Amino acid sequence: MDSSDLEQLCSHVNEKIDNIKKTLSLRNLGQEPALKTMLNKIGDEIIVVNELLNKFELEIQFQEQTNASLKELCESLEEDYKDVEHLKENIPSHLPQMQATQSLVNGTDHDPEERVKVEEPAPVKKPAKERSIKEMLFITTDDFNSVPAYMKSRLTYCQINDVIKEINKAVVGKYKIMHQPKASMNSVNRNLYQRFINEETKDTKGHFFIVEADIKEFTTLKADKRFYTILNILRHCRRLSEVRGGGLTRYVIT
């Protein structure tokens, strides 16, 4: 082995020794009380930064959902505008003119004795007024922002309102049967009607409510952990309340 190879080997060994010394030095520094406190603070800061990054991710998801909804709304409005413009440009020429109609009524173009007697149309019988059904109001962005982060987790504003839409389907489905004359009910609706009556209590009298069985009957929602998390959020936002009794939880629309 010549001198240059020996020098190279020595240099390599010395470099390894220096790296070991630095590692041992850093390890020893971590045991010093003052430096240990600093390292703990750095660790806490890293946790805070990680939580902020999670919040940013949720906000980005929310903004993307909102942007998609606004895009759909704009497209719908553009279609409506085109329809209105088409109607405006294609008004039928055979529609009665106000001036001619008024002239006929006043009889200015005819002798009084030759006026045509205009028969009044028979009064139209108004359909029976449908009983109104109270539906749950959708949450606003302010409502969503007021929900604690631990409660909503990774749920988005749109996902919560989608569940409200399904809950309203259950409410409408139930109370359409409740308001239906019993004589016109089939056997399935009679059984449902009887269940609805049995589930009522003095605390739910005069209120609109559903139970888990109604969710299964009228919607495709699954009563899983995510569903109950959203129910907690809706209680927080005062969209519903709970009435328990007889081993049953009633979700009252507020």
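User: Among contacts in the protein chain between residues at least 6 apart in sequence, what share joins residues at least 24 apart?

Analyst: In this predicted model, the share is 63%, where contact means heavy atoms within 4.5 Å. Residues are numbered from 1 along each chain as its sequence is written, and side-chain values use heavy atoms, with hydrogens and water left out. Because the model is predicted, local features need pLDDT of at least 70 and side-chain atom pairs count only at pLDDT 80 or more, while totals for chains, interfaces and linings use all residues.

User: How many helices and strands does the protein chain have, and in which pattern?

Analyst: The chain has nine helices and three strands. Along the sequence they run α-α-α-α-α-α-α-β-α-α-β-β. Helices (H or I, at least four residues) and strands (E, at least two) are DSSP runs, numbered from the N terminus.

User: Why is N189 called buried?

Analyst: The relative accessible area of N189 is 17%. Buried means under 20%, exposed over 50% and partly exposed in between (1.4 Å probe, protein chains only), so N189 at 17% is buried. In the whole protein chain, 23% of the 254 residues count as buried. N189 lies in helix α7, residues 187-199. Leaving aside neighbours within four places in sequence, the contacts of N189 are I177 and Q180.

User: What makes α6 and α7 roughly perpendicular?

Analyst: Helices α6 and α7 pack at about 100°, with their axes 9 Å apart. Axes are lines fitted to C-alpha atoms, for helices over the stretch in contact, and angles run from 0 to 180 degrees between N-to-C directions. Under 35 degrees is roughly parallel, over 145 roughly antiparallel, 65 to 115 roughly perpendicular and the rest oblique. The angle between α6 and α7 therefore puts them in the roughly perpendicular class. On the α6 side the contact uses K174, I177 and M178, and on the α7 side N189, L192, Y193, F196 and I197. By class, six of these residues are nonpolar, one is polar and one is charged. Ala, Val, Leu, Ile, Met, Phe, Trp, Tyr, Cys and Pro count as nonpolar, Asp, Glu, Lys and Arg as charged, and the others, Gly among them, as polar.

User: How do you know that α6 and α9 are also roughly perpendicular?

Analyst: Helix α6 (residues 157-178) and helix α9 (residues 225-236) pack at about 90°, with 10 Å between their axes. That angle therefore makes α6 and α9 roughly perpendicular. Q159, I160, V163, I164 and I167 of α6 meet R226, F227, I230, L231, I233 and L234 of α9. Nine of the residues in this contact are nonpolar, one is polar and one is charged.

User: Why is H236 called partly exposed?

Analyst: H236 has 35% relative accessibility, so it counts as partly exposed. H236 belongs to helix α9. Apart from neighbours within four places in sequence, H236 is in contact with S146, V147, P148 and M151. The C-alpha atoms of H236 and M151 are 9.5 Å apart, although the two residues are 85 residues apart along the chain.

User: What makes the lining of the largest cavity nonpolar, and which residues form the lining?

Analyst: M136, I167, I210, I215, F227, L231, L240, Y251 and I253 line the largest cavity. They divide into nine nonpolar, no polar and no charged residues. The largest cavity holds about 40 Å³ of space, and the whole structure has one cavity of 30 Å³ or more. On a 1 Å grid over the protein atoms alone, a cavity is a set of points where a 1.4 Å probe fits but cannot get out; a pocket is an open set with protein on both sides within 12 Å along at least five of seven lines, and lining residues have an atom within 4 Å of a point. Points are joined across faces, edges and corners, and a volume is the space filled by probe spheres set on them.

User: Which helix gives the most to the lining of the largest pocket?

Analyst: α2 does, with four residues. The largest pocket holds about 170 Å³ of space. Its lining is K55, L58, E59, F62, F144, N145, A149, K152, S153, L155 and T156. By class the lining has five nonpolar, three polar and three charged residues.
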